[in-house]
Amino acid sequence: MKNLCFKLTSLIPKDTTMSKRVMRDQDQLDQAFNYIKELQGRVEKLKQKKEMRSMTADLHFLLVEVRSMDSTLLVSFVSGSRSSYMFRKVIGVLEEEGAEVTSASFNLVGGRIFHTIHCQAFCPRIGLEPSSVNEKLKKLAC
């Protein structure tokens, strides 16, 4: 048991321990317990920070690309894994610009969603303005 106590106290950083000769075994165990509790608190805080970062990253696009092919548009964007909200917003922007969605697909890779939307103009004579769509999507991404 004494060897295990010694191993435990040797794992505690030197700046948090008192002189090892002065400390009793109970004091050493108490200090190890307090240090472990402190580390658990730090781990919890880091987990919360990570979760907050992932939530804010999910609210924004990571990449937006609009390509024009004749009378159709191909819109590609990457978003966070919990952002169906952003997909609906993109569809709304496309409809505002006079586009009709013909197909949409997505792939989930490593916590990010890669969306691809094909659309064409409601009225082929009027057409679509890719630069306007791209500008509105970039504003939406911010």
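Two strands are taken as paired if DSSP finds at least two bridges between them. The model discussed here is predicted, and its strands and helices are numbered from the N terminus.

## Overall make-up

The secondary structure of the protein chain comes to four helices and four strands. Read from the N terminus, these elements follow the order α-α-β-β-α-β-β-α. The chain has 142 residues, of which 27% count as buried. Among contacts between residues at least 6 apart in sequence, 52% join residues at least 24 apart.

The average pLDDT is 79, and 79% of the residues score at least 70. Strand E1, residues 61-69, has the lowest mean pLDDT among the elements, at 75. The highest mean belongs to E3, at 89.

## Strand pairing

Strand E4 (residues 112-121) is antiparallel to strand E2 (residues 72-80), and nine bridges join the two. In this pairing, Leu 74 is placed opposite His 118 of E4. E4 also runs antiparallel to strand E3 (residues 99-109), here through ten bridges. Ser 105 faces Thr 116 of E4 across that pairing.

E3 and E4 form a hairpin with two residues between the strands. Gly 110 in this hairpin has a positive phi near 55°.

His 115 is another residue of strand E4. Is this side chain buried or exposed? His 115 counts as buried because its relative accessibility is 6%, below the 20% cut-off. Beyond its neighbours up to four places away in sequence, His 115 touches Val 75, Ser 76, Phe 77, Ser 79, Phe 87, Ser 105 and Phe 106.

## Charged pairs

How many salt bridges does the model contain? The count comes to four. Three of them are set out below, with the distance between nitrogen and oxygen.

| Residue | Partner | N to O distance |
|---|---|---|
| Glu 65 | Arg 67 | 3.2 Å |
| Lys 136 | Glu 97 | 2.7 Å |
| Glu 135 | Lys 139 | 3.8 Å |

The side chains of Lys 136 and Glu 97 meet in a salt bridge. This pair links distant parts of the chain: Lys 136 belongs to helix H4 (residues 130-141), while Glu 97 sits in the loop between helix H3 (84-96) and E3, 39 residues apart. Lys 136 is partly exposed, with a relative accessible area of 33%. Glu 97, at 19%, is buried; the cut-off for that class is under 20%.

Glu 135 and Lys 139 are both in helix H4, where they are four residues apart, about one turn of the helix. Glu 135 is partly exposed at 47% relative accessible area. Lys 139 counts as exposed because its relative accessibility is 59%, and the exposed class begins over 50%.

Glu 65 and Arg 67 form a salt bridge. Glu 65 has a relative accessible area of 35% and is partly exposed. Arg 67 also has a place in the partly exposed class, at 39%.

## Surroundings of Arg 67

Arg 67 is located in strand E1. Its side chain makes a polar contact of 3.2 Å with that of Glu 65. Leaving aside neighbours within four places in sequence, Arg 67 is in contact with Thr 72, Leu 73, Leu 74 and Ser 76. Which separation is found between the C-alpha atoms of Arg 67 and Pro 130? These atoms are separated by 7.0 Å, although the two residues are 63 apart along the chain.

## Nonpolar core

The largest nonpolar core has 16 residues. Those with the most contacts inside this core are Val 75, Val 90, Leu 94, Ile 117 and Leu 137. Two or more core residues come from each of E1, E2, H3, E4 and H4. Which element gives the most to this core? H3 does, with four residues.

How values were computed: Residues numbered from 1 in each chain as written. Predicted model: local features only at pLDDT ≥ 70, side-chain atom pairs only at ≥ 80, totals over all residues. Heavy atoms only, no water. Buried < 20%, exposed > 50% of the residue type's maximum accessible area, 1.4 Å probe, protein only. pLDDT = per-residue confidence, 0-100. Contact = heavy atoms within 4.5 Å. Polar contact = N/O pair within 3.5 Å; in protein donor to acceptor, adjacent residues only side chain to side chain. Core = buried A, V, L, I, M, F, W, Y, C linked by side-chain atoms within 4.5 Å.
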